[in-house]
Amino acid sequence: MRAVLLNGSRTDNSVVDEMAISVGETLVKQGLNVTSYTLRDHKIGYCIGCFGCWTKSPGECVIKDDNREIAEDIIQGDLLVFVTPIVFGGYSAELKRMVDHLIPLISPFFRKLHTETHHRMRYSHYPNLLAVGSLPAPDPRQESIFHELVRRNAISLGDAESRSLVWYESDTLATIDELMHDELEVLR
Amino acid sequence: MTKLTRVVSLVGSPKAKNSTSAVLGDSLTTHFEAHGVDVKSYQSHRLLRRSAEMVSFLDDLDRCELFVVSTPTYVDSLPYVLTAVFEAIAAHRVESSAKQGQRILCIANCGFPEPEHNDIALDICRVFADAAGFDWCGGIRISAGGVINGMPLEARGGLTRNYRDAFAQAAHALIDGEDVPETAVEILSKPLIPRKMYLVAGSVGWIARARQEGIG
């Protein structure tokens, strides 16, 4: 089983880098092959909202940089893992820059899911989604937004199974292993 | 209540032109300008590429009474360019000498016919507002944004009359120091055309665009 880990840490956030290493190590211990991307080290232009990935080069962003390789790796994997500081309840800008580039992986056409409209899927297989976010201390409001964001992203990206965890920077990195254990049983 | 004198308007879309978010922001700020309010307008993607412009923006932001943010919803939340600007603002505000009592209004729009798709984007905006020291005075959800498609609301004639009236109502309330009226929020949350019509038009539109590009 293959996991693609996206590390959305900022240059000033070594704690999140350490968290990403711990998450990666836990995944390996659980028997997954892991490819990790520290996103700030990659050349990824921001999505310009042109929809060329739907109309000009379906399935691929028109911007020729690392976003293409990473998106291709994601869709061929079994588990997509987001590691990020939680910023105003959402993802860091570093992570969001790549998440915006997941649009090519879905279709422009619509489907109905319960009472809502969503996009149809382009492919027959999508990875499950695990998101691990960090906060300096418990923050129920931000955590609630983060969990809901991950849930909705999983719907957008193939109705995948998803789990989201929050790690407090005041805890030790060893707790990450504990937090992930039960969730990985569901996502594998 | 003190009358409004200075507004900063920020567009969260990465598009250089034909931005629905810019149109929606302008639908509010033109009323401010008509009442003699000074409005400074910025685009997130330009701020990230031009450090001098970012400095001017942050300075104007510290001195304004109302911050208007108009953004698309990308993958259920804010686009990268706006997220990055919000991070920069929050970092700046830790040490800045911003005015007291500054307010923020956020407008989020999406391409789906249900306004709920914008909820997380606005939730993130509210947390940002608290972190950056702004008082929340309203969140507006626009759905079926493909009907607007970057064109001024006036260009759509009677179809957008309710929206134009609602933005006018919102603007007058904000000028008087009040929050955006719930009646305006409610009107703006309804899509401009029926859901089924929008979905059919959307699908036809994507096929037409792809054919123009020689696809399919």
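In this predicted model, the second largest pocket holds about 340 Å³ of space. Of the 17 residues that line this pocket, those closest to its centre are A:R10, A:P85, A:I86, A:V87 and A:F88. Helix 4 of chain B provides the largest share, which is four residues. Sorted by class, the lining of the second largest pocket consists of eleven nonpolar, three polar and three charged residues.

We can now turn to the contact between the chains, to which chain A gives 40 residues and chain B gives 41 residues. Together the two chains bury about 3500 Å² between them, and 66% of that area lies on carbon and sulfur atoms. On the side of chain A, the residues that lose the most area to chain B are A:Y46, A:T55 and A:F88, which together account for 22% of what that side buries.

Which interactions join the two chains? Between chain A and chain B there are three salt bridges, as well as 15 residue pairs in polar contact, both residues being at pLDDT 80 or more. The side of chain A that touches chain B receives its greatest contribution from helix 5 of chain A, with eight residues, and the residues of this side divide into 18 nonpolar, twelve polar and ten charged.

Note on methods
Residues are numbered from 1 along each chain as its sequence is written. Chains are lettered from A and ligands numbered from 1 in the order in which they are written. This is a predicted model: local features need pLDDT of at least 70, side-chain atom pairs count only at pLDDT 80 or more; totals for chains, interfaces and linings use all residues. Side-chain values use heavy atoms; hydrogens and water are left out. Contact means heavy atoms within 4.5 Å. Buried area is the accessible area (1.4 Å probe) that two parts lose on being put together, summed over both. A salt bridge is a side-chain nitrogen of Lys or Arg within 4 Å of a carboxyl oxygen of Asp or Glu. A polar contact is a pair of N or O atoms within 3.5 Å; within protein, one must be able to donate a hydrogen and the other to accept it, and residues adjacent in sequence count only if both atoms are side-chain atoms. Helices (H or I, at least four residues) and strands (E, at least two) are DSSP runs, numbered from the N terminus. Ala, Val, Leu, Ile, Met, Phe, Trp, Tyr, Cys and Pro count as nonpolar, Asp, Glu, Lys and Arg as charged, and the others, Gly among them, as polar. On a 1 Å grid over the protein atoms alone, a cavity is a set of points where a 1.4 Å probe fits but cannot get out, and a pocket is an open set with protein on both sides within 12 Å along at least five of seven lines; lining residues have an atom within 4 Å of a point. Grid points are joined across faces, edges and corners, and a volume is the space filled by probe spheres set on the points.
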